[in-house]
Amino acid sequence: MSSAPAAASPKLRAKGRPADIIFQGISTFAGISILVMLGLVAIFLVVQSIPAFGPDFDVKGTSNFLEYVGPLAFGTVWASFLAMIMAVPVAIGIALFITHFAPRKLASTIGFVIDLLAAVPSVVFGLWGANVLAGFMKPAYAWLSDNLGFIPLFAGTASGTGRTILTASIVLAVMVLPIITALSREVFLQTPRLHEEASLALGATRWEMIKMAVLPFGASGIVSASILGLGRALGETMAIAMVLSPSLVVSFILTSGTNPSTIASNIALSFPEAHGNEVSALIATGLVLFIITILVNGLARWLLGRNPRTGGAK
Amino acid sequence: MSKRIEAKDLNVYYGDFLAVEGVTMNIEPRSVTALIGPSGCGKSTFIRTLNRMHEVIPGAHVKGQVLLDGDNLYGDGVDPVLVRRQVGMVFQRPNPFPTMSIRDNVLAGVKLNNRRIAKSDAEALVEKSLRGANLWNEVKDRLELPGSGLSGGQQQRLCIARAIAVSPEVLLMDEPCSALDPISTLAIEDLIGELKQEYTIVIVTHNMQQASRVSDSTAFFNIAGTGKPGKLIEYDETTKMFSNPNEKSTEDYVSGRFG
Ligand SMILES: Nc1ncnc2c1ncn2[C@@H]1O[C@H](COP(=O)(O)OP(=O)(O)O)[C@@H](O)[C@H]1O
Ligand SMILES: [Mg+2]
């Protein structure tokens, strides 16, 4: 549009329509406020954690911040990693079952149960993990360390309580299962009928059709769903805090009584008694968790962008 | 290769709804049979019962028989997966697998059911199938590129190459040209003329000229009104159907004097 005609006939000049202006104002405000909030959180974390980087650091027997946060960051990533290994295949399996194998009634029942699972508060999962699952898993851990102790993952003496990092990870896996399942289900439902029929018409079995048409189409959606689940696992506080007694170790052993803790649960457990330097240290670990989450998200986006087809193609 | 199809008193249902009623017809091997008729008269429904693709839709089922050289496709213990290996299908919209290269698209059906194929055999089969679909010269330098990068007409010929790579007995085509431009349409029509040397071909088309150009026999389906079942009205040699049909409604339809 050139400006000349508009200037010549002022009647054509766009009138500001109130609804448009108000709506634009509201949505712009909402968009900016999310950025502002995120920025404020980041500033809060940075400012409050500065004292933790000072020379006279002394929290829980560690002499500098890295020594303190290292095991916690490790525990956070390790527990989430274990949870994802368990949750993602199961979630994909459930989503495929719901969308492609189950009779309609059964499918909607399962979908309902999964959604219910998402509504259970994490404290309840924590109680279940500490009081039920731990006891249930205890004999299994004893067996694993007796018979498979030569594998580093099961080395040493088994936990006497069953409250191990593996128990915590199983609880995490159950907690992230609903979100990954629900999102994968939505993606699988959108598989173009065209491609499903193409493979069936070639003589594909149902499973082959899933491999040829459904999974390639859903790949990027599965990654996104997993990232959302992972975000929840990284930040999960109560369930881990109730299952694991915190200790500052870096250990890959799944069955031991001495387990690394996670950043979020450590903050929850230590904050009530913390004072002075330790408060700053805890906030600084929060900053580290914030950074880990951003890194994980970035990594996922990079993975998605690298795959030429999933970058938004049909 | 190439087998005779006999439909015997075939009824097709979607749940309780009778969509196609009482079709009995013999389809000769190495011939092209066109199915014509107004929208909603059950052409797609009928053609999909010839390789049991209608079963993809929950509740769809048939009564009656479809014999492929005398073997009932709906007999006890007949596996629809194996039926579809013998009776290939090309769809209205070209549907190459978007994640696969042109080569892998051609080989997609061949590698199913855990079948392995030596690399040199695979190369030969890719060339043979693409030549068979009149596509080889256009894509031989870019077999590694995704099939979705081709034009619509090329994609449709890729789908034909994919279908004939598994050496079916019968090739079903449901309006294969309706999403294509006239030039691509002519390319596919030429191809159909060549393919009938080897395959039994059944094609649904809305285009009367196309039916009269490519087919040996023509079947006219019609429907008495919405909610009524579609029926086979007349089935004869194409020349007869277009010049001097027995039924008044056939004549009205082929001459364009029809809704
Ligand atoms: N998936 C389906 N579910 C229920 N009814 C269907 C379905 N597909 C087609 N029909 C019905 O079957 C009849 C025949 O449809 P169709 O075979 O697609 O006709 P045509 O291909 O000749 O246009 C129509 O009445 C249509 O509404
Ligand atoms: Mg149709």
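1. How many bridges join β7(B) to strand β8 of chain B? Five bridges join them, and β7(B) runs parallel to β8(B), residues 200-204; strands pair if DSSP finds at least two bridges between them. Val202(B) in β8(B) is the bridge partner of Leu172(B). The path from β7(B) to β8(B) passes through helix α7 (residues 182-195) of chain B, a right-handed β-α-β crossover, meaning clockwise from first strand over helix to second with the strands pointing away from the viewer. Helices (H or I, at least four residues) and strands (E, at least two) are DSSP runs, numbered from the N terminus.

2. A word on the basis: this is a predicted model, where local features need pLDDT of at least 70, side-chain atom pairs count only at pLDDT 80 or more, and totals for chains, interfaces and linings use all residues. Residues are numbered from 1 along each chain, chains are lettered from A and ligands numbered from 1 as written, and side-chain values use heavy atoms, without hydrogens or water.

3. Back to β7(B): five of its five residues (170-174) are buried, so the strand is largely enclosed by the rest of the structure. Buried means under 20% relative accessible area, exposed over 50%, partly exposed in between (1.4 Å probe, protein chains only). Val170(B), Leu172(B) and Asp174(B) cover one side, Leu171(B) and Met173(B) the other.

4. In chain A, Phe74(A), Trp78(A), Phe81(A) and Phe252(A) form one aromatic cluster; ring centres of Phe, Tyr and Trp (its six-membered ring) pair within 6.5 Å, with planes under 30 degrees apart stacked, over 60 edge-to-face and the rest tilted. Trp78(A) is buried at 11% relative accessibility, while Phe252(A) is partly exposed at 47%.
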